[in-house]
Amino acid sequence: MAAATTTAALIFSHPTLLTPRLFSTPNSRPNPPKPRAASSSTATPSRKRASASSAAAEERIFFDGGPHYGDLVANLLLGFTLLWLPLTLAAIPRAFFLRYRFTDRRVTVLSGLTGQDRSDFPYDSVRDVKVVPRFVGEWGDIVITLKDGTAVDLRSVPRFREVADYCLSMAGLKGTGQEEEETVSKPRGF
């Protein structure tokens, strides 16, 4: 018992054992930042960053935002029915983790929890743009078909008609999202 009290007395009397440990070891201190000498190797990355930021400053953003908030509200209200529940469960992450950006150079789709999934494509790779209105035209879906045949679906885009027209004008396509008429008209149906 006497050994236990002397150990406890030693622990409480030692100044470094009572202080909270902010670092990995009790006696370690963070190294102060070393002054960097100005050289050509350190000046080059800053010039690259400056030129990259000036190039990004030249890129004009036409639309930058997520899906329309009404899509989430409508899906949450209709989610009380069991029939609509899967669509509600799909609308929740779409509302919080999806962003669209239309600039004068490209279309960007950011998704994921931190925006780590990024899809970019320039306007010269766009072959066709189609729109599908939703909820009395308040928001809509944009389907962009690329020249390699890939279809990019942008769901619940606010101002979707303006965005689609802008995308068509930047791609240099004729029309307002309408399909081009076929040169040979064949009867369809019965």
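**View 1. Confidence along the predicted chain.** The mean pLDDT of this predicted chain is 74, with 61% of its residues reaching 70 or more; pLDDT is the predictor's confidence in each residue, from 0 to 100. Residues 3-30 have a pLDDT below 50, and beyond near neighbours in sequence this stretch has seven contacts in the model, contact being heavy atoms within 4.5 Å. Over residues 37-44 the pLDDT is also below 50, and that stretch has two contacts beyond near neighbours in sequence. Among the elements of the chain, strand β6 (residues 139-146) has the highest mean pLDDT, 94, while helix α2 (residues 15-18) has the lowest, 42. Residues are numbered from 1 along each chain as its sequence is written. Because this is a predicted model, local features need pLDDT of at least 70 and side-chain atom pairs count only at pLDDT 80 or more, while totals for chains, interfaces and linings use all residues; side-chain values use heavy atoms, with hydrogens and water left out.

**View 2. The elements of the chain.** Here you can follow six helices and seven strands, which are DSSP runs numbered from the N terminus (helices: H or I, at least four residues; strands: E, at least two). Along the sequence they come in the pattern α-α-α-β-α-α-β-β-β-β-β-β-α.

**View 3. An open sheet of four strands.** The strands take the order β1-β2-β3-β4 with antiparallel pairing, where two strands pair if DSSP finds at least two bridges between them. At the edges are β1 (61-65) and β4, each pairing on one side only. From one strand to the next, the twist averages 10°. Strand β3 (residues 106-111) and β4 run antiparallel and are joined by six bridges. Look for Ser111, which stands opposite Asp117 in β4.

**View 4. Two helices across the sheet strands.** Helix α5 (residues 85-97) lies across β2 (98-103) and β3, at about 50° to β2. Helix α6 (residues 160-171) lies across β1, β2 and β3, at about 135° to β1. Axes are lines fitted to C-alpha atoms, for helices over the stretch in contact, and angles run from 0 to 180 degrees between N-to-C directions.

**View 5. A closer look at Phe121.** This residue sits in strand β4 (residues 117-122). Phe121 counts as buried because its relative accessibility is 6%; buried means under 20% relative accessible area, exposed over 50%, and partly exposed in between (1.4 Å probe, protein chains only). Leaving aside neighbours within four places in sequence, Phe121 is in contact with Arg106, Val107, Val126, Ile144, Leu146 and Val152. The C-alpha atoms of Phe121 and Arg106 are separated by 5.6 Å, with the two residues 15 apart along the chain.
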